[in-house]
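Thanks for coming, everyone. Please have a look at the model on the screen.

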Amino acid sequence: MKISKVEELSIKKIHEALLKSETTSVELTKYHLERVEKFQKVSNAFTTITKEFALKQAGEADKRIKSGKSTLLTGIPFSVKDVFSTTGIRTTAGSKILDNYTPVYTSTVIQKLFDAGAVMIAKNNCDPFAFGASNENSGYGPVKNPWDESRVPGGSSGGSAAAVAARVGYFSIGSDTGGSIRQPAGFTGISGLKVTYGRNSRYGLLAMGSSLDTPGILAKSAEDTSIIEAFMAGHDENDGTSSGSLPEDYYKNIEKTNIKNLKIGVAKEYFIEGLDPQVEKATKDAIQKFKELGAEIVEISLPYTKYALAVYYVIVPSEISSNMARYDSLRFGQAKGEKYMERVVESREEFLEPEVKRRIMLGTYALSAGYYDAYYKKAMKVRTLVRKDFEKAFEKVDLIIAPTSPTLPFKLGEKTGDPLQMYLADVFTVPANIAGIPGLSFPVGFAKPKDGKHELPIGVQLLGKQFDEEKIISAVHAYQKVTDWHKQMPKLEL
Amino acid sequence: MAKLTKEDIKHTAELAKIKLSESEIEKYTKELASVLGYVDILSEVDTKDVEETAQVTNLENSLREDEVRDSLSREDALSNAKDTDDGFIVTQR
């Protein structure tokens with residue numbers, strides 16, 4: 001590989017290098033496949049390494065580049081969270097129950113990236129069916145944060161975040177139902193985009209909470225996410241919740257928004273007693289930076305914020321309990337037992353991970369006769385109030401800024417003994433999913449925790465109105481032009 | 001809210017078709033009680049005259065044209081099943 005530190009290049013720059021024949025997709029892909037193998041040993045960030053598939057795609061990409069018909073993504077290696085179906089390639093969802101599952105169709109958003117010529121080098125390890133905030137629930141073992149191997153990378157897209165942070169591949173596709181892109185992006189010092197619900201098709205994304213699930217992107221910068229999102233977005237006939245509104249070319253418009261015309265809201269409800277003082281300081285520094293860039297900072301209130309997590313942990317397990325009914329060992333997945341009903345109950349017992357069972361149980365209970373009104377119906381009503389909080393706020397401001405996570409990345413095993421403690425990690429990210437609005441988490445600093453030796457990344461998120469990704473991306477891009485937090489990388493020998 | 005009992009968990013596990021072990025029943029009774037205790041905070045919210053949100057897209061009836069199209073081939077549809085016979089998925093009675 002002639003290009004030094006080729007893994008650090010932006011998508012724009014690697015694309016230029018390919019066009020100028022400074023490298024080829026095959027050379028680049030081989031280079032990153034080696035990084036995948038080495039990084040896997042220290043991080044466990046992958047479930048399946050797709051070497052042959054990638055080299056075949058890379059060869060086709062090189063032909064396409066030579067013929068002059070390439071796109072910005074042609075020939076560029078990336079990874080995919082293992083909750084996205086990929087034809088002919090094992091898709092585990094991070095759970096043992098699908099250890100032997102090979103989809104016969106490809107997730108729409110992934111197919112679009114394949115059609116653009118991007119090269120998939122691996123499927124990423126993740127919390128099972130995306131249930132988790134630390135990637136410790138995976139049936140394939142936890143993923144380690146490349147900034148400190150004794151800590152979690154966040155979840156559920158932990159493998160995706162770790163890979164991007166380590167510059168293995170140029171981006172990863174993840175999913176965000178309660179913060180599963182933004183929170184691990186925050187814990188690993190990278191940029192994570194959750195788009196508006198319905199902007200990206202959910203077809204082929206193994207369903208978790210169908211009214212909140214959102215495919216999205218983990219990458220090195222807002223600019224990179226804008227390039228990728230332009231290919232992913234759009235209406236899909238195969239997804240009845242897919243938005244008909246035409247996708248914007250966020251990348252072309254990335255310099256369009258003038259920060260000086262933006263009003264950014266700061267909600268006092270996010271600056272609560274569980275917030276780590278170092279996270280708070282980094283957030284306030286970021287707010288100050290936006291002020292220096294010319295944005296107007298406005299105090300707002302989102303009074304129903306404190307109920308959002310409860311809404312989430314009633315609605316999502318309820319939807320989960322319904323979505324998980326399909327894993328009955330009969331049509332696909334691992335099986336144990338012989339007679340029909342024995343096989344169903346034993347297979348689910350044997351192969352579903354504890355967190356998966358936990359959420360199925362919670363949801364089944366909340367939806368069961370006698371409890372539906374008190375739990376699920378009530379949560380659906382409070383969901384309306386959380387949505388209205390944002391609608392009212394966006395009458396006054398264009399964007400809302402908030403810390404992504406209340407804490408620094410925690411240690412492996414620190415929260416696994418108490419599910420409720422783990423759920424509280426989502427407190428700042430779930431409101432956006434409940435309301436269906438977009439958000440981008442980006443790195444704003446580092447801090448050393450009391451119980452650790454290494455500096456750890458801190459992420460902040462910008463939230464926007466439905467379908468207003470353009471403003472969010474442009475604002476973060478403006479911030480990233482005058483700061484270099486997003487250029488920092490963990491020290492790794494790969 | 002009524003306190004969650006082991007009987008509740010056993011019943012829920014039956015509905016969810018998961019054969020839990022005794023130690024799991026104990027564990028989940030405790031853990032679920034803790035989470036349910038937390039979400040109880042919703043009962044203090046005044047939701048009189050508030051409509052439920054079932055979905056956030058404001059879309060209605062996203063249906064396609066009723067025309068015959070290609071679907072999954074039988075071979076594909078059966079490709080992940082353990083036991084098949086003459087186009088059927090087989091399980092023991």
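**The contact between chain A and chain B**

Let's start where the two chains meet. Chain A puts 63 residues into the contact and chain B puts in 54 residues; contact here means heavy atoms within 4.5 Å.

Some ground rules. This is a predicted model, where local features need pLDDT of at least 70 and side-chain atom pairs count only at pLDDT 80 or more, while totals for chains, interfaces and linings use all residues. Side-chain values use heavy atoms, with hydrogens and water left out; residues are numbered from 1 along each chain as its sequence is written, and chains are lettered from A and ligands numbered from 1 in the order in which they are written.

Now the area. The size of an interface is often given as the accessible area lost when the parts come together. Chain A and chain B bury about 5,300 Å² between them, counted as accessible area (1.4 Å probe) lost on being put together and summed over both. Carbon and sulfur atoms carry 64% of it.

Next, the charged pairs. The rule finds four salt bridges across this interface, each a side-chain nitrogen of Lys or Arg within 4 Å of a carboxyl oxygen of Asp or Glu. One of them joins Glu24(B) to Lys357(A), with the closest N and O atoms 2.6 Å apart.

Which elements of chain A give two or more residues to the side that touches chain B? They are helices H9 (305-323), H10 (340-351), H11 (354-367), H12 (373-396), H13 (419-423) and H14 (430-435). Helices are DSSP runs (H or I, at least four residues), numbered from the N terminus. H12(A) gives the largest share, twelve residues.

**One residue in H11**

Glu355(A) sits in helix H11 of chain A. Buried or exposed? Buried, at 4% relative accessible area; the cut-off for buried is under 20% (1.4 Å probe, protein chains only). Glu355(A) touches Phe131(A), Asn137(A) and Tyr423(A), leaving aside residues up to four places away in sequence.

**The cores**

In soluble globular proteins, nonpolar side chains tend to be buried together. The largest nonpolar core here has 149 residues. A core is a set of buried Ala, Val, Leu, Ile, Met, Phe, Trp, Tyr and Cys residues joined through side-chain atoms within 4.5 Å. Those with the most contacts inside it include Phe129(A), Phe171(A) and Leu462(A). H9(A) supplies the largest share of this core, eleven residues. Phe171(A) touches, among others, Ile11(A), Leu73(A) and Ile228(A). Another core, of 15 residues, lies apart from the largest one, with Leu33(A) and Val143(A) among its members.

Terms used
Buried area is the accessible area (1.4 Å probe) that two parts lose on being put together, summed over both. Buried means under 20% relative accessible area, exposed over 50%, partly exposed in between (1.4 Å probe, protein chains only).
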